[in-house]
Amino acid sequence: MKMEPSSAATSCREKRRNVSSTAHDTAKRLKSEQEGAVAPPLCPPRISVPLDRLQQPITLTELTELLHYAALGKTGGIQQPSWCRLHHQRKVKGVNVVIVEGLTQSHFYKHYLTLRRLRTNYSSRITFTPPSQNVASGIFSSEVPKSDAPSLSKTHMENSQIPKAVKFHPVISKFGTRTRGLTAYLLSQEEMIQKNYPVKGMPGFEEFVCTDSVECVTDSSPLYGLDCEMCLTEKGNELTRVSLVDSDGNCVLDDLVKPETRILNYLTMFSGVTAAMLRPVTTTLRDVQAKLRALLPRDAVLVGHSINSDLGALKLIHRHLIDTALLYRKEFGQKFKLKILAENILKRQIQTEEKKGHHPTEDAVAALELAQYFIKTGPRQVVEHHLEELWGYTIEEEIIELPAPTPSHRFADILQTLGRSVAFIGKRSDVALDLSHQQWHNSDKEVLASFRRRAECPFLSVLRLSSLSDHLKRCVPHREQQYQRVCANLRDMCVVFAGPFPEGFSEKEAKRLFRRCGPVRKIKLLNTSVRVHAEVEFELLEGATLALKTLNGLSLQGQSIKVQRPVYESMLDVDLTLDALAHDALDTSHLYAVKSKPSVTERINNSAMINGNTLDAKCPGAACVKTANGLHSAKGNDKRLQLETELSEETLTETFGHFGAVERILLPAKAGKHTRHAYIKFESPEVKHAALSSSDDPRTEDYVICPSLTPPHLCSWAALTTSTVDTEGEDEGSGHMHISSQDQEIELVVGKLDRCLGKLFRSLPECTLSVVVLLGHDSADDPHLGLCFMEIKSGSR
């Protein structure tokens, strides 16, 4: 009996132990599952355009809405664009816009197979209205909404009060008062040309050697101090010594150089070089040029005092320069001597009398440190600290109250104020951007190379590709005629020839027959001396495709009619083009459907009659039905049949929803007209393929379907073929039957453009918004629409 309590206690302890063990095991298991669980996938930024907005062309203003939002976002007070949605904008790391001149929307689809990289790299495409203004300039100078733009007034002045002597100082007039990075003090190309610095391509510098430098440097690029000494020879001043120091002041090069011609004066008093020093030297100018090219990083910034003289002696061209003689500037273009600046700013004695001439390494270090001090301290502090000892002024008591600066709302200004770089690369153009941020090149190849050479991709870069446009101007004297040929080739893709038809077959009857495959734009009866044929032009690519599929071989009054495409040289690859369009990224989940038969309950299963002509009722063109009251003509039953074949979102969703989820039904009906065809967008390509494979499914027997071919941003394919020039009376074969050598040359240039665009896209950093604009052609008489491509570069592309 005494053992019972003990047994009970033991049982309780074991129970607690088991419970504790179970809880511990559960905690361990949950922890293990959490540690081993796969993190939810990151959502990359992406662009989407609503279907109801997709068929409306965008303008330059609307394009800049997207660029503003991508760059500044809601944190910058910018709202989503009115015509599209940019998802996860905060993850966008940069914006790149490529402007392609010479190409229209019609050109793109004419050369659709050739432009493979362009059509596959970009998942969003929308028609672009060509503007009358310069597109690149319009982007940089576009006004960010004033109520939303980040305020720049605080960044223009550190203090609204400034002494009079400082306000009108030449240093402040040039550089302002704000402390900025080294790129703010680089010599612009315009300054270099004006002050006769060595610049590639300018007269007098043809024999100069260029360093391998990037197009654009950053505030973190390394500074290198440079100084040279010269002597007088029979040719004039020639190099005798060169020194280069790195950003820490360490000497990386100090070489004596043997001039090529006889020395007349060693200028030892200034250069410190004597005849004895040069006697054993064998180093030539070419040797030191090669050494400098090897030593300098591609993003190096050279610093010197009157560095144009040093580069002239070296016969060297370098893109990125800071000249301390122009940093510490005086009035009327006068310059301080390096010795004076070192003594007053650095508190250091150089070029002293006890030394025999100048020492280039010492001078290079002094110039480097003067530049570093100016950049770190800022122009206002430099002026205020050294105003009296260096410039001989005193800070008067008079204080000028500065008006509040008017903030700039220009897109480029806002980005630069936020510390984001901008750049324009392309053919010289009147672009509203500082010249220091522009690089001019004449060929697409040079533009691409210039962009890819950059050590760091600008946050906003606009590239102008004009090689194709230049080729067309040189080789195509009548560009409007060439455009008409393009339109004619695209039109042929929607055309079928059909026949022979019975005698007396009318144009109205032909239209009634063929519109069961899709909207018909135009029908032309071709009456030969024996039989009647028809040329049928559809508004959509799908119409011609379905006519070939369903009407070819149709028995009409006991006679089989043949439906075929035009046989022109330009149509030989039409099957490849249509296959590529069917697999276009824009159409992967889209299906085209036409309800071309009456309802099952009303449809006669044997035959129908068109004005006495027997028509096989299996054909989707059956235009009349037999009822209990007898045979009715097509004309009498047209209204009834119209109601039976009219489509609605509800019936389409019910019919095709059996194969999977339907995302959207697009009924492109025109005002006042009934809808017989529709585009169905499924949630996945697999559902689309299931629907296409349903030929035996009774639920879809009243429909004729095919993959969507006409791109969703086009209301019709016929929109690509419009031209104000009437070609009705012309020999149609002359416009599009023959491919000329001129056409073949254009095809080659288009192929080069596509490769260039592909390389450019691959070189973009991840999460960059990439926009390609085919400009089109702005004309008051006959504007040719362009095309805009958009994509966020991801790691998988």
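Helices and strands are taken here as DSSP runs, a helix having at least four residues and a strand at least two, numbered from the N terminus. In this predicted model, Pro145 is found in the loop between α6 (135-140) and α7 (153-156). Partly exposed residues are those between the limits of under 20% relative accessible area for buried and over 50% for exposed, and Pro145, with a relative accessible area of 37%, is therefore partly exposed. When neighbours within four places in sequence are left aside, Pro145 is in contact with His68 and Ile78. The C-alpha atom of Pro145 is separated by 9.7 Å from that of Gln79, although the two residues are 66 places apart along the chain.

An open sheet of seven strands is arranged in the order β4-β33-β32-β3-β17-β15-β16, and its pairing is mixed. Its edge strands, each of which pairs on one side only, are β4 (124-128) and β16, and the twist from one strand to the next averages 15°. Within this sheet, β32 (residues 768-774) and β33 (residues 786-792) run antiparallel and are joined by six bridges, with Met790 of β33 as the bridge partner of Val771. Helix α30 packs on the sheet, where it touches β3, β17, β32 and β33, and its direction makes about 175° with that of β3.

A further helix, α20, lies across β3, β15, β16 and β17, running at about 160° to β17. In α20, which spans residues 444-453, the residues Asp444, Val447, Leu448, Ser450 and Phe451 are buried. Seen down the axis of α20, these buried residues fall within an arc of 165°, so they line one face of the helix. Such a pattern can be read against the geometry of an α-helix, which has 3.6 residues a turn, so that residues three or four places apart point the same way. The buried residues of α20 pack against the strands β3 (94-100), β15 (422-426), β16 (438-440) and β17 (460-465), as well as against the helices α21 (467-475) and α30 (741-763).

A one-sided arrangement is also found in helix α14 (residues 307-314), whose buried residues are Ile307, Asp310, Leu311, Ala313 and Leu314. Seen down the axis of α14, they fall within an arc of 160° and so line one face of the helix. The partners against which the buried residues of α14 pack are β7 (223-233), β8 (236-245), α13 (285-295), β11 (301-304), β12 (316-317) and β13 (321-323). Helix α14 is followed by Lys315, which has a positive phi, near 50°.

Four strands form another open sheet, with antiparallel pairing and the order β19-β20-β18-β23. The edge strands of this sheet are β19 (520-527) and β23 (562-564), each pairing on one side only, and the twist averages 20° from one strand to the next. Strand β18 (residues 495-501) is joined to β23 by three bridges, the two strands running antiparallel, and Gly499 has Lys562 of β23 as its bridge partner. Helix α23 (residues 507-514) packs on this sheet and touches β18, β19 and β20 (532-538), its direction making about 135° with that of β19.

Antiparallel pairing is found as well between β24 (residues 590-595) and β31, over five bridges. Here Tyr703 of β31 is the bridge partner of Lys595. Strand β31 (residues 703-707) is mostly covered, four of its five residues being buried.

Key: Residues are numbered from 1 along each chain as its sequence is written. This is a predicted model: local features need pLDDT of at least 70, side-chain atom pairs count only at pLDDT 80 or more; totals for chains, interfaces and linings use all residues. Side-chain values use heavy atoms; hydrogens and water are left out. Buried means under 20% relative accessible area, exposed over 50%, partly exposed in between (1.4 Å probe, protein chains only). The arc is that of the directions from the helix axis to the C-beta atoms. Contact means heavy atoms within 4.5 Å. Two strands pair if DSSP finds at least two bridges between them. Axes are lines fitted to C-alpha atoms, for helices over the stretch in contact, and angles run from 0 to 180 degrees between N-to-C directions.
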